[in-house]
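Here is a walk through a few spots in a multi-chain model, written for someone with the viewer open.

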Amino acid sequence: MPEGEPLIERHSVNERVVHWAIAIVFVFLFLSGLALFHPLFFWMSALFGGGPFMRWLHPIAGVALAVLFFPYAFALVKDNRWLPEDEEWRKHMWAYMRREYHPTGTHKYNAGQKLMYWSMVPVIAVLLVTGIVMWQPWFAPLFSPDLRRIGGILHAISAFVMFVGIGIHVYAAYWTRGSIRAMVRGTVSQAWARFHHPAWYREITGKNP
Amino acid sequence: MTNHWVDIKNADVVLVMGGNPAEAHPCGFKWVVEAKIKNKARLVVVDPRFNRTASVADVYTPIRSGTDIAFTGGVINYLLSKDKIQHEYVRSFTNAPFLVKEGYRFEDGLFSGYDAGKRTYDRSTWAYELDKDGHARVDMTMQDPRCVLQLLKKHYSRYTPEKVSEITGVAKEKFLQICEIIASTSAPDRTMTHLYALGWTQHTVGSQNIRSMAMIQLLLGNMGMPGGGVNALRGHSNVQGYTDLGLLWHLLPGYLGVPLEKDETLAKYMEARTPKPLRPGQMNYWGNFPKFMVSLLKAWYGPAATKENDFAYALLPKADRAYDMVSIGELMAQGKMSGLICQGHNPLASLPDKTKTSAALSKLKWLVSIDPLATETSVFWQNHGEYNDVDPSKIQTEVFRLPAVTFAEDEGSFTNSGRTLQWHYPATEPPGEAKSDSEIMAQLYRRVRALYEKEGGAVPEPILQLHWPYRNAGDPSVQEIAKEYNGYALADVVDPKDHTKVLAKAGEQLATFAHLRDDGSTAAGCWIYTGAFTEKGNMTARRDPSDPSGLGATLNWGFAWPVNRRVLYNRASADPSGKPWGPKHRYVSWNGKAWAGPDVPDFAPTSAPQEGVSPFIMQPEGVGRLFALDKMAEGPFPEHYEPVESPVDKNALHATKSNPVARIYKDDKERLGTSAEFPYVGTTYRLTEHYHYWTKNVPLLATLQPQLFVEIGEGLAAKKGIKNGDRVEVRSKRGKITAVAMVTKRIQTLKVAGKEVDTVGIPLHYGFVSVAKKGHLTNTLPPVVGDANAQTPEYKAFLVDVQKISGPGQV
Amino acid sequence: MALQSLDIKNRSASTSPGPSARSTLELAKLIDVSRCIGCKACQAACMEWNDLRDHVGVNEGFYTNPADLSDQSWTLMRFYEENIEGSLQWLILKDGCLHCSDPGCLKACPSPGAIVQYSNGIVDFHQESCIGCGYCISGCPFNIPRLRKEDSKVYKCTLCSDRVSVGLEPACIKTCPTGALHFGSKESMLIEANGRLDDLRERGFKSAAVYDPQGVGGTHVVYVLPHGDRPESYGLPKNPSVSPLVALWRSGFARTVGVITMFGVLVAGILHYMRHGPLEVPGEKKE
């Protein structure tokens, strides 16, 4: 990196605060959900004031997640539109992971990030809806037992997808050096931007990468 | 009950008509279930509603309320015309062969002797033809046209199945099916028990309803038999005890008639009530009447009752008129009463025509309510909106409330429907200032007595000379009272046949009413209870359920009056020669020396069959009465009369529409409705979840049945646009109530004389003092008119109209 | 926990089998509908014994009161009117927990030990472990458990496990006036129940049957139904079983596979990193 080159702001303060708020809520939802999902992990309910309190908090946290996530996702939607070059990335996804392929026309988000975005939006929507269907004692009595059962299954499947997705997300952030700093400090180097998101670099600096 | 609860299990057929034991007597109903399971009994239910009893019945038919005699008359006709009677029983044990006096007639719905002006009968022709010795004449071939059997046949020949169906709305096939089941018990080894309750008594022909069934049971040979009988299921837990102890105005304890104004002397009073045998050599138990009466007077007036002063007979009030509750209501309404003491009584709720009752109570100067609860009566002056819309400023009646204990806080005996006295102990202490009824009465007595002592006054003697021997005069113990009603010897009682044999020493409790004397040497407060608290102790507290015969005669459980007998008339369970009628129901029979069996024989214990004494020893002729002589106000045979408020225009049998001798006051007559204005039959009843007007104050039971509803058949509901759960108004000529509509398949539209008749079912139990949802008092609706014998009001059949007022959920 | 922990055969959300050193007699309650008159004494006795007091409701046009089971009404008489083969029937059913051998509630429960099954067959809720998720409600094929809003715990008939543990019959059995309710070994209850069928068939109930649904492994509350061919008329499911949806949802296998997969992602990340290292901007030095 040439000395003195100014850093580029990638995530605003607001964005970062929201992101990490979502992350914290997610960790709680994930751990408490896991406690309810499998008896092997029920002990984790002790981390959250015991089973009844944890069970009480889980749906409230779920709503909090949705309230934080959907406006955030809405703000990101324009940067996550699926473009023809994303199709190219998708075709070379495995090669990318082996570091054998590197796209050159990436905008603010690469196709992998867009895939994550477009999987989380419906999954969280399903989790929200099915969570409401199962929410005792307030809403569950309004739905038939079969709806509640289907809700339970979809909730579990969606939570599974979400965990796998978030797992990939976390690893990808770690793997892609500079990403975590971007979400913590908000800035990336010009080289980082040129390398990972050349099209974005051109948009914000007006220079060719 | 002529029989008793446990005995129901011995029946082959259980006929429930005029009652709903599964609803009102669920604990006793276990014996019906037992009969079904252990005895393969068939349960037949005849009722205007498909009720809880019907839900487990083998055969059910709806019937138009108030037409039961048309049905039972039809059964009698069926039994006689198909020859399904127990011949030997009918000939030997009933008055079927007895000849009826010339002059007895039945025409146009009226028996001989009717006085239309006074609405009463001269009953002199309703009698047997007597021979020169004063004995009734009989024709054992039963062919004489004036014998009871022939008159009976003639009387009921009009009750054809078609006629029955036309009047009652019962389908002819269903009627015949039920007749066939009933008739099956004419076989000597099959019995039918009949269970009834207020569904039969609360009609203007209530007493005759029951008589008609007694006749059927006599024709079938089911009286005195295990698994037989005519069985009244009493409504309150101790109403049998109250009746035994003289609660009814016209009876002293032990069913001794109240003296009337014309009974000026004891001799005159006894003369009218002590019958002479109507058959040669017949045992005639009421011949002992003087012993019972004199012992009662000795119990009440003690040393003040002497042979010289007619045992203080003069101190007894002599009735100048009827004092049943309906007539008391009328006296109040006319402003002729100053005060009323209601002890365990809620007349505002339980008398018919609440509006009249409310106005009547308002004319009192004072009212005392002795009750564990604040009854509607005790707050009749409070305004409770639509439920009790009165103006307290216009009511000047001063009300005193004396809190009493409930049964669970008190000790004493209950007498159940089966005449068995059972002692009970308090489960808990009474709350607050509540006192037992006996203590309240004693305290009232002491204060009244003190006033008479101090101030004198008119006729103080009945109070001042009352025998009050209790250790604590202010609170007699229940044991003392029980010992008093049992009776005790005042002097040594000796065997009349052997004067050296002392049956009871002076001061001892008596063992049996056979030891009562008419010379003043014994005292007994209620002769039929003698034997309940003897020298051996409190017999009502016995709890040995052993039943050696398996027929339910548990002689060491409590004490059944009379003399611990469980089945009345049980001599009739054996044929005239003393042998059991069949192998299945061996009960009381002659063993060569004496009458014996699992029960206490209802007979002279050593009177051999060849002596020819007939089995019904409480009757001077010794047999069961198919012909009731002069005992019933309406006539010797039950006849169908329409309810006073009837949905049909005329009596299908004759020109006399309704009970010609039913008493109805002038003002009440003007409060009767017509079928044009009120086209539907209203009928009131009780629910299993509640006990009268009490348990609406019990949260748990209020939960189980929270609110007044009325049951309406689907047909009527469709006609009136009423949906289940809607709020409806039910109106009669007397007033209106609102309630939730319960639209049900269980009340059917009946076809009566070509016309459709609908029924509206209206439960009681709700009121304006309530933990359950506040509701109207149901007895706003029924008319003030009673049965001519007992004056029980006609709560079960009257006219109403019904209409929707709002949808569900609104009050 | 009225019975001993020794007697716990199955425990919700448990990863180990229950104690099995001893077993107790398998018990059952028999409800003979043909003898039941719907008097609700059992309802009252249940509330009395368990100190429950439901609120005074309103009449909605039915004899069934309260209108439904609740945390305060663990048993309820339900009334149905139906014309069956031309004859009016008033069918009265004592509703409440059937204590399944294969209990859907226990299967669905995520909280260890909140629902237990004793070796005598009683399925009992231990409210101190209940977390209020209501999965048991969704798991039950008979729609029995009820969640109490005030404390977010679920309640239902315990078959009076407290009474049974000291050798008494359940309160409803003790109070039933007509002998419609019986209690004893399941074997003897089935003998009693089957013994009733001859009498019922002779009275014209040709399809009288015992309701002991095998879809849930049999129950510890069995019914004698006069119209045994149509349990739906009594409000009972014809062939109840734990819903396949519940089986899938709370399937131990699926959940374990899910957990392994999730951890698989973690492992895959580690392996990927070991093999391929980080994705860095070429030429950029580490800070």
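Which residues in H3(B) meet which residues in H9(B)?

## Two helices in chain B

The model is predicted, so keep that in mind throughout. On the H3(B) side, the residues that meet the other helix are B:Asp68, B:Ile69, B:Thr72, B:Gly73, B:Val75, B:Ile76 and B:Leu79. Across from them, H9(B) brings B:Gln208, B:Asn209, B:Ser212, B:Met213, B:Met215, B:Ile216 and B:Leu219. Sort that contact by class and you get eight nonpolar, five polar and one charged residues. An α-helix has 3.6 residues a turn, so residues three or four places apart point the same way. That is handy when you look at the spacing of the names above.

As for geometry, H3 covers residues 68-81 of chain B and H9 covers residues 206-220 of chain B. They pack at an angle of about 15°, and their axes are 9 Å apart. Angles under 35 degrees count as roughly parallel, and H3(B) and H9(B) are therefore roughly parallel to each other. The crossing of H3(B) past H9(B) is left-handed.

## A closer look at H3(B)

Zoom in on H3(B) by itself. Its 14 residues reach 20 Å from the first C-alpha to the last, close to the 20 Å expected at 1.5 Å a residue. The helix is mostly covered, with 12 of its 14 residues buried. Among the buried ones are B:Ala70, B:Phe71, B:Gly74, B:Asn77 and B:Tyr78. B:Asp68, which takes part in the contact with H9(B), is also on the buried list.

Just after H3(B), look for B:Asp83, where phi is positive at about 55°.

## How chain C meets its neighbours

Now for the interfaces. The contact between chains C and B takes 31 residues from chain C and 36 residues from chain B. On the chain C side, the elements giving two or more residues are helix H1 (41-49), strand S3 (76-84) and strand S4 (87-95). H1(C) makes the largest share of that side, with four residues. By class, the side of chain C that touches chain B has 13 nonpolar, 10 polar and eight charged residues.

Turn to chain A, and 38 residues of chain C are in contact with 39 residues of chain A. Here helix H7 (244-249) and helix H8 (252-276) of chain C each supply at least two residues. H8(C) gives the largest share of the side of chain C that touches chain A, at 11 residues. The classes on that side come out as 19 nonpolar, 14 polar and five charged residues.

Most residues other than glycine have a negative phi, and most peptide bonds are trans. Here are some exceptions to check. A cis peptide bond joins A:Gln136 and A:Pro137, with omega about -5°. A:Pro137 sits in the loop between helix H5 (111-134) and helix H6 (145-175) of chain A. In chain C, the peptide bond from C:Asn65 to C:Pro66 is cis too, with omega near -5°, and C:Pro66 lies in the loop between H1 and S3 of chain C.

Then there are the positive phi values. B:Ala312 has phi near 60° and belongs to the loop between helix H12 (289-301) and helix H13 (325-333) of chain B. Is B:Ala312 buried or exposed? It is buried, because 22 other C-beta atoms lie within 10 Å, and the cut-off for buried is 20 or more. C:Glu85 has a positive phi of about 50° without being a glycine, and is found in the loop between S3 and S4 of chain C. C:Glu85 has 8 C-beta neighbours inside 10 Å, so it counts as exposed.

## A tryptophan in a loop

Back in chain B, find B:Trp561 in the loop between strand S23 (559-560) and strand S24 (589-590). With 23 C-beta neighbours inside 10 Å, this residue counts as buried. What does B:Trp561 touch, not counting residues up to four places away in sequence? Its contacts are B:Asp244, B:Arg419, B:Ile528 and B:Tyr529. The C-alpha atoms of B:Trp561 and B:Thr420 are separated by 6.5 Å, although the two are 141 residues apart along the chain.

## Chain A in outline

Chain A has nine helices and two strands, in the order β-α-α-α-α-α-α-α-β-α-α along the sequence. Its C-alpha atoms fill a box of roughly 60 × 35 × 30 Å along the principal axes. Of its 209 residues, 30% count as buried.

Terms used: Residues are numbered from 1 along each chain as its sequence is written. Chains are lettered from A and ligands numbered from 1 in the order in which they are written. This is a predicted model: local features need pLDDT of at least 70, side-chain atom pairs count only at pLDDT 80 or more; totals for chains, interfaces and linings use all residues. Axes are lines fitted to C-alpha atoms, for helices over the stretch in contact, and angles run from 0 to 180 degrees between N-to-C directions. Angles under 35 degrees count as roughly parallel, over 145 as roughly antiparallel, 65 to 115 as roughly perpendicular and the rest as oblique. A crossing is left-handed if the near helix is turned anticlockwise from the far one by less than a right angle, and right-handed if clockwise. Two residues are in contact if their C-beta atoms, placed from the backbone, lie within 7 Å. Ala, Val, Leu, Ile, Met, Phe, Trp, Tyr, Cys and Pro count as nonpolar, Asp, Glu, Lys and Arg as charged, and the others, Gly among them, as polar. The expected span of a helix is 1.5 Å times one less than its number of residues.
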